[in-house]
Every structure is written in C-alpha cells, then in structure tokens.
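Trainee: Could you walk me through how to read a model like this one? I'd like the general idea each time, and then the case at hand.

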Amino acid sequence: MSRSFHFEIKESQGELLVQMKAETNVRKRERLQFLYWYKSGLAITREQIARLLGRSLSVVTKWMRRYMDGGLKKLLTMDYQGRKASRKIPVDAVEELTIKLEQKEGFGSYQEIQEWIKEEYGIEAAYSTVHKLVKYDLNASPKVVRPFSEKKNPAMVEDFKENLSKPLIEVVKPCLEKYKQIRYWVQDESSLSLKTWLRRRITKCGIKPMMKTKANRAGYSLYGAVEIKTGEHFFWEGEKMNSKEFEKFLKDFSDENPSDFHVVQMDNASFHKSQNLALPDNVMLLYQPPYSPEVNPIEQVWGWLKGKMAGEIFSTVENLKMRAKEILTATDNKFFKSIVHRSFIMNALDQSGI
C-alpha cells in the first residue's frame, strides 16, 4: 500500500503556482510541480508523484531531501555534479538535451547524440561519456518505436476523443425504448499463422538468445470484440478478412445478446464499410479516425495474445486455433476490462448516460 510522506513546504500554494507558471526551464518547472502537487494535496505519496511526473521513486525522494536540506534554492539548483560524465558536457547542453529527450522523436542512437553535441556546442564528447550521461544521469534509453502513419490526422483523433459522447447521446433514448441496455464494445481482427512469433528473451551478457522457428504462413483470421465496462469478450474464428466473414461475425455477435443494443467501435477497413453489409438491428458501427489504432484498445489484446504464444511451434492450423482458444477461455473478464480501459471512452459513456 502506498503511504504518504511528510515534510514541510515553506512556500504557500499560491506562491508555488505563480513561480511554476513563470518558470521557463522544463526541469526546474517539474520540481516546482512536485512541490505544488504535494502542497495542494493533489498527490501525497511518492508513488503518485512519480507516476504523474514519469519519474522514479528514487528521484522524488532525492528532490524531497534536497528541499529539506536547502529549501527551494537548493532544489532548483541544476548542478549535475553526480557523475564525472556529466561534468564533461556543459550544463546548458545537458538541459537542452534533456528537453529533446522528452520529445517523442528522441534520438536514433547514442552516436547521434554525440554528433548533435558536437554540431550544437562544438564539443567532441567520448561515446562512454554520452552513454553514461544519457542512460544513468538522464534516465533515457532506446525503446521500440511505435509506428505513426504520415496520413494520420492528430486533430481528427482529438476531436473523436472529445466528442465521442455526441453520437452516443443520440441513440440512448430510442434504443432504451426497445432494448434492455446499451453496451459499448471495441472490435478488430488479427491474422494468426503458423509462423513463429518472437519476443525478447533475457540472457546473460554475451549470450545471444536463440529459438526454433517455423516459417509457414498458413493460418486464420480471429475476429474479436471486448466490452469496455465489463471486459466481457466475444472471439470468432474466420477464414479470411472480408465483408462476408465480417457479416457472419456480426450476426453471431448479435445473437449472443439479442436483448441488448451494441455500439461497436472499429477501424475503417474497407470490409467494415461495405455498402452491401447486412447489419443486425441491435448493432451500431462507430468508426474511429483513419490511421489511429491507438484509440482502439483491443489492439493491445492481440499483442498480449501473440506474446503468450511467442516461441511456440504449431504443427497444424487446428492446433494453433486450440491454443489461442485455450488462452482466451482461461482469461477472465477482469483482465480484459483492465487492458481495454480508456478514460476518454469511460468519460463519453458517463456523459451519455450509458
């Protein structure tokens, strides 16, 4: 259980807020944010503050001790004297590098950071110096890039999130006159094949992970829908991804709970929008913005499922189906509810009264 920590902040809540808004240095501002949140009672545990700021518990503890030792002046002193590596690069370069590392684009490699420091500040820092500074002092490291389509329209995504309640409000009254309740689902399809999925493996330094694999691409399509509020799920095996198979999926999905009305969020796949699609009376399709899979949390279900089967070799498609069904059947609604929970969807449901 998270427990609150106690230390006295001399400045008032108003003084901290004014100084925080006026501060232009990003790193100083987040330290003022730390004090303001604690002073105002918005976050009273290390865990809460660390999670809100994206910092480790040790960093929050270090800031608390710096404030207790020397007040606001010491807390806001950007001395970077913790490691020898940091002293070889000017403080202003470290501060600008920190801001760039907080941006989603980041850097491609430590060598790229070396080149950036040389180009911007005329300093030829050793690779080991840059590596120690970035990885240990600034707590930054290489991560797998999340794909971002150039065709994506961020404004449309934000509009979808902010106004999701509007189409829901329109259907509440007429649907509740005819159906028992309205339920909100997220839906998608994924291809599962005999080709072995690989994931990262932990081995000792110098030991290259190896795993037997199978390259056969024979497989099937798995259609799925998960209800946001309850985690109830419906998975359906199809031969292909096309309008005919999708139509069969919708019919079986509808028949599962015929007395309820189902709002189903999905992407803009062509077979989702076929003109000849026979749509059940108790199903409404809600299309999300194009090229924005991140707004559909069922995408994470596919990643989780394939991760569970990573490294496994299947002799036939039937064996593959049995394994996927075994995993999905053994997983309860509580897990699916946690993995698909999104605040913007829950807020829209609350606003619409669903």
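Trainee: Where is N25 found?

Mentor: Helices are DSSP runs of H or I with at least four residues, and strands are E runs of at least two, numbered from the N terminus. N25 sits in the loop between helix 1 and helix 2 (26–40). Keep in mind that this is a predicted model, where local features need pLDDT of at least 70, side-chain atom pairs count only at pLDDT 80 or more, and totals for chains, interfaces and linings use all residues. Residues are numbered from 1 along each chain as its sequence is written, and side-chain values use heavy atoms, with hydrogens and water left out.

Trainee: Is N25 buried or exposed?

Mentor: Buried means under 20% relative accessible area, exposed over 50%, and partly exposed in between (1.4 Å probe, protein chains only). N25 counts as buried because its relative accessibility is 15%.

Trainee: What about the largest nonpolar core: which members touch the most others?

Mentor: In soluble globular proteins, nonpolar side chains tend to be buried together. A nonpolar core here is a set of buried Ala, Val, Leu, Ile, Met, Phe, Trp, Tyr and Cys residues joined through side-chain atoms within 4.5 Å. The largest one has 43 residues, and L164, Y184, L192, L305 and M309 touch the most other members. Helix 12 (residues 298–308) supplies the largest share, five residues. A second, separate core has 21 residues, including F7, Y38, W63 and L76.

Trainee: What does Y184 touch?

Mentor: Leaving out residues up to four places away in sequence, its partners include L164, V226, V263, L286 and I345.

Trainee: Last one: what radius of gyration does the chain have?

Mentor: That radius is taken over C-alpha atoms, and the globule rule is 2.2 Å times the number of residues to the power 0.38. A compact globule of 354 residues would come out near 20 Å, but the chain has 26 Å. Its C-alpha atoms fill a box of roughly 70 × 55 × 40 Å along the principal axes.

Conventions: Contact = heavy atoms within 4.5 Å.
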